[in-house]
Amino acid sequence: MNPEFKESVKSAENSNEEFFTVNFGANKIKIFFEEDSCNWVWNYKYIYQKDALELKSQLDSSLKTNKIALINYFYTFIIPDISNLNSHIAPNTKSILDIGAGIGLFDLFLTQVFEHQVSFDLIEVDNLDEIEHVTNNPEETKNLDNNIQIKPVDALKKLMLINKASNINIIESKSIDQYMDRKYDLILSFRSWGYLYDLNLYEKFVRNTLNPNGLVITDLSIFDDSIDKFSKLFKEVTLINEAGNNKRFIGKNLK
Ligand SMILES: C[S@@+](CC[C@H](N)C(=O)[O-])C[C@H]1O[C@@H](n2cnc3c(N)ncnc32)[C@H](O)[C@@H]1O
């Protein structure tokens, strides 16, 4: 078991389940738990429920299982994303857009790592009734049980409030037209735009809001024409990472 994961679980137990900490270089990141966001991980990343139960039992931890699941999600997805992107994020980045941010842990992490003020806009859907996990392959799409509700925008807002992340603004996907005059140095989308749904959905928004020297970093689906479409959007396209069905690209200079 990853000793850093173990340490984060310990930190959560010691905080009376209020928050967990993560050591990252010289930084100690602190993330407060919020029940709806823990439940987002539990219900959305349901394929990891078994892992969370096993980890809890191996550690003989008193921590609630949905909190263990959140810490495990953090180490499974967010830490590798950070390590993968570290060298690509310019130190003078001032404005970031995250499309399909989930519960925004990546952004919450970045706010604590940056030494200067950075503003974040996070786009999410109000309500989710089906989950496309791992791939955008329709055969793997799961309808949610009737008694489970996933409301990403609500969970995001609550998590940002409890973490006092006043520089992180949440945008509901249906209201993006009101934000067309924003400008971003960096547009991110992990396992969402061009991966779970078509690039067309935010193409206009990205064209309007990306600064001329800005970067787009996104995961693209290998099951449709997303990679082709992305290559038609930008003059410079670079593959920076691939793992299974997940191909991560950088786009620079809109055509
Ligand atoms: C696989 S999750 C990725 C979450 C987070 N970016 C991560 O990497 O951990 C995909 C996210 O896309 C969001 N999503 C689905 N359809 C969307 C849409 N039309 N606009 C914005 N976000 C969407 C889902 O609610 C979900 O949070």
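This is a predicted model: local features need pLDDT of at least 70, side-chain atom pairs count only at pLDDT 80 or more; totals for chains, interfaces and linings use all residues.
Helix 6 spans residues 152-162. Its buried residues are Pro152, Ala155, Leu156, Lys157, Leu159 and Met160. These buried residues pack against three elements: helix 2 (35-44), strand 4 (119-124) and strand 7 (168-172). Lys164 follows helix 6 and has a positive phi, near 50°.

By class, the contact of helix 2 with helix 6 has 4 nonpolar, 1 polar and 3 charged residues. Helix 2 contributes Asp36, Ser37 and Trp40. Helix 6 contributes Pro152, Asp154, Ala155, Lys158 and Leu159. Of these, Pro152, Ala155 and Leu159 are also listed among the buried residues of helix 6.

The crossing of helix 1 and helix 4 is right-handed. By class, this contact has 6 nonpolar, 2 polar and 1 charged residues. On the helix 1 side, the residues are Phe5, Ser8, Val9 and Ala12. On the helix 4 side, they are Lys67, Ile68, Ile71, Asn72 and Tyr75.

Helix 4 also holds Phe77. This residue counts as partly exposed, because it has 18 C-beta neighbours inside 10 Å and the buried class requires 20 or more. Phe77 and Ile123 are 46 residues apart in sequence. Their C-alpha atoms are 19 Å apart in space.

Phe120 is found in strand 4, one of the elements against which the buried residues of helix 6 pack. Phe120 is buried, because 24 other C-beta atoms lie within 10 Å. Neighbours within four places in sequence aside, Phe120 is in contact with Ile96, Asp98, Asp107, Thr111, Asn167, Ile168 and Asn169. Two of these contacts, Ile168 and Asn169, fall within the range of strand 7 (168-172). Phe120 and Leu186 are 66 residues apart in sequence, yet their C-alpha atoms are 9.7 Å apart in space.

Positive phi values also occur in two loops. Glu17 lies in the loop between helix 1 and strand 1 (19-24). Its phi is near 65°, a positive value in a residue other than glycine. Glu17 counts as partly exposed, because it has 14 C-beta neighbours inside 10 Å. Arg191 lies in the loop between strand 8 (184-189) and helix 7 (200-209). It is not a glycine, but its phi is positive, at about 55°. Arg191 counts as buried, because it has 22 C-beta neighbours inside 10 Å.

Methods
Residues are numbered from 1 along each chain as its sequence is written. A residue is buried if 20 or more other C-beta atoms lie within 10 Å of its own, exposed if 12 or fewer, and partly exposed in between; C-beta atoms are placed from the backbone. Helices (H or I, at least four residues) and strands (E, at least two) are DSSP runs, numbered from the N terminus. Two residues are in contact if their C-beta atoms, placed from the backbone, lie within 7 Å. Ala, Val, Leu, Ile, Met, Phe, Trp, Tyr, Cys and Pro count as nonpolar, Asp, Glu, Lys and Arg as charged, and the others, Gly among them, as polar. A crossing is left-handed if the near helix is turned anticlockwise from the far one by less than a right angle, and right-handed if clockwise.
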